[in-house]
Amino acid sequence: MLNLQQWAYIHRYAIRDIRRSYKKLWVIALTLFISLLLLSLTFSVKQSLNDEIEANSKELLGGDIQIDSGIDPLSGDRIKQLSNLGQISETVNFFTMLSKPSGGAVFTDLRAVDGVYPLYGEAKTMPSDAWAAFRLEGELPVVLINENIQNQLQLSVGDELTIMSKIFVVGGVIVSVPDLTNSAAFGEFAIISKQAFDQFELTSAGSFLHYDYRLKTPQSSDYQSKIEDAQTLFANDENVRTKLPKDSAQSLGRLIDNFSNFLNLVAVSAMIIAGIGISNTLLSFINQRNTSIAIKKSLGFSSKTIQLIYFYEILTHFYWGHRLSHFDALFINKKMESLLELD
Amino acid sequence: MHKPMKQSVIQFSDVRLTYGPSSSPVEVLKGVSFSLNSNEIISIVGPSGSGKTSIIMLAAGLEKATSGIININNQNITELGENALSAIRRKNIGIVFQSFYLIPNLSALENVLLSLEADQKYNGDEEAINLLTEFGLGHRIHHLPSELSGGEQQRVAIARALINKPSVILADEPTGNLDEATSENMTKLLFAYTRAQQTALVLVTHNNELARQCDRIIELKDGNIA
């Protein structure tokens, strides 16, 4: 068993050796630092994204619970029962052609939203007052389009668009809507009012219609029991599916997980490659010290003391490599958050 | 009047050393026997490959004899384990190599202190500085080996071997890498200090002149004492 004095000596010797051999050791330190940084960065980015999703799960869903009734709307009785639990927002999605009277059409995911949409978060448009104007409805019903439609059809605010032979006027461009996961994030999409949808009887889209309802419970109410009540309402209805914020977060979380699994794979591959590099470097670290080890043996140092000196040196490298890369990963993550303007 | 009893520091009894596979063994030592008394200086001479360095390695416990008995201060070291051999080395033996073998990133002083530190003596700075000063290296104590001449490096190596006051110094061609003048000074230094400290000295050398200055010469030929 080594006494305190011997440990102090091992520490002193190892630190002195590192200090005087840093020119030979920087490759080890760098390899270690990069591989650990990559791994720490992956985990910290993944954690940060998941936390963000978790914190905004209600906005991602657009309500405390989403009720998906498929091609048929909910009956008046069910809507009444639901409205006893809180505020309801109704949306209808369907695919249709948006065409410009002067020529040109785009196949679009059209969403008809009611006056209280969105229940959580806010829709952002360009110009910024387009959403408010969309609510008012003028002589002609308004359609909000995404940027791709604007570019493809060369549209400006005030231009006319035909949807199922009804004339709409372009009110603005949608920048973002809160329930992103439920919109066609990778396709074209546009928003019209539920009032215009009903007025023009666009229900003729038939089986392509998709009805969604979102419920926002009053803040003072018992959230959990209201949600359970809403779920109980549709427990025996095979055509209705309910979805909670955590499900929405999970579905987006799965996307993030897949991305971070890919990052993990990259990091682990880098670690394996770096591991081979590290083991070779450590081998060369020991080989460089073969003479020193032999001299110490000839002077009567015990094998244990010699092993501990070099083990301590290697551990010191790992410790500082890990500390530095971990803090750097946190720093980079914070920087990335501020660059991406995540709140 | 009684003569003081001379204690045997090293005793080799029928020591054999064989390398290689049993089908074609290389016999380096073929039953060597000799003893070295305290305060005695002997030289081991012989042509290259006759087994001179092997005797040093065996006496230091850095190699294991194939057969025979090796006693260091009346303790048979042939049966000892690694840790016990390390203890024998740090308490009884000082080694000086032809190539000096100083640790390159330690200063002259730190190299000398290593011998004390191996024996868990961590406050020997003053002693080491005094010894290096006596060896004419007072102004070089903080220099790295790469900043010292060959003669200075060998003086550091000798100081390192002597600082622990071992009972025997094993010197393997200590002047082999030095010029004639430096070599002579080095020998004088080594002889003077081993005599002063009453330390025995085994000197492996090719230099017959140097060998003749020793109390006794052991000549090796083909693994046997001639």
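A residue counts as buried under 20% relative accessible area, as exposed over 50%, and as partly exposed in between, with a 1.4 Å probe and protein chains only. By that rule Phe301(A) is buried, at a relative accessible area of 2%. Welcome to a short tour of a predicted model, in which local features need pLDDT of at least 70, side-chain atom pairs count only at pLDDT 80 or more, and totals for chains, interfaces and linings use all residues. Residues are numbered from 1 along each chain as its sequence is written, chains are lettered from A and ligands numbered from 1 in the order in which they are written, and side-chain values use heavy atoms, with hydrogens and water left out.

**Aromatic rings**

- Over all chains, the structure holds eleven aromatic pairs; rings of Phe, Tyr and Trp (its six-membered ring) pair if their centres lie within 6.5 Å, and planes under 30 degrees apart count as stacked, over 60 as edge-to-face and the rest as tilted.
- One of them joins Tyr9(A) and Phe301(A), whose ring centres are 6.4 Å apart with planes at 20°, so the pair is stacked.
- Tyr9(A) belongs to helix H1 (residues 4-55) of chain A, while Phe301(A) sits in the loop between helix H9 (290-299) and helix H10 (303-340) of chain A, so this pair ties together parts that are 292 residues apart in sequence. Helices (H or I, at least four residues) and strands (E, at least two) are DSSP runs, numbered from the N terminus.
- Phe12(B) is buried at 1% relative accessible area, and Phe34(B) is buried at 8%.
- One aromatic cluster takes in Tyr9(A), Tyr13(A), Phe301(A) and Tyr122(B).
- Lys216(A) lies over the face of Tyr120(A), 5.0 Å from the ring centre; a charge sits over a ring if NZ of Lys or CZ of Arg is within 6 Å of the ring centre and within 35 degrees of the ring normal.

**Where the chains meet**

- The contact (heavy atoms within 4.5 Å) takes 23 residues from chain B and 21 residues from chain A.
- Chain B and chain A bury about 1900 Å² between them, 54% of it on carbon and sulfur atoms; buried area is the accessible area (1.4 Å probe) that two parts lose on being put together, summed over both.
- On the chain B side, Ile103(B), Asn105(B) and Tyr122(B) lose the most area to chain A, together 29% of what that side buries.

**The six-stranded sheet of chain B**

- This open sheet runs in the order S6-S7-S8-S3-S9-S10 (chain B), with mixed pairing; two strands pair if DSSP finds at least two bridges between them.
- Strand S6 (93-96) and strand S10 (224-225) of chain B stand at the edges with a single partner strand each, so one side of each has no neighbour in the sheet.
- Strand S9 (residues 216-221) of chain B is joined to S10(B) by two bridges, and the two run antiparallel; Lys221(B) has Asn224(B) as its bridge partner in S10(B).
- Helix H1 (residues 52-59) of chain B packs on this sheet, touching strand S3 (41-45), S6, strand S7 (168-172), strand S8 (200-204) and S9 of chain B, and its direction makes about 145° with that of S7(B). Axes are lines fitted to C-alpha atoms, for helices over the stretch in contact, and angles run from 0 to 180 degrees between N-to-C directions.
- Helix H2 (residues 82-92) of chain B also packs on the sheet, touching S6 and S7 of chain B at about 80° to the direction of S6(B).

**The four-stranded sheet of chain B**

- Four strands form an open, antiparallel sheet in the order S2-S1-S4-S5 (chain B), with S2 and S5 of chain B as the edge strands, each pairing on one side only.
- S1(B) and strand S4 (residues 67-72) of chain B pair over five bridges, and Ile10(B) stands opposite Ile72(B) in S4(B).
- H1(B) lies across S1, S2 and S4 of chain B, at about 120° to S1(B).
- Asn76(B), placed in strand S5 (residues 75-76) of chain B, is partly exposed at 27% relative accessibility.
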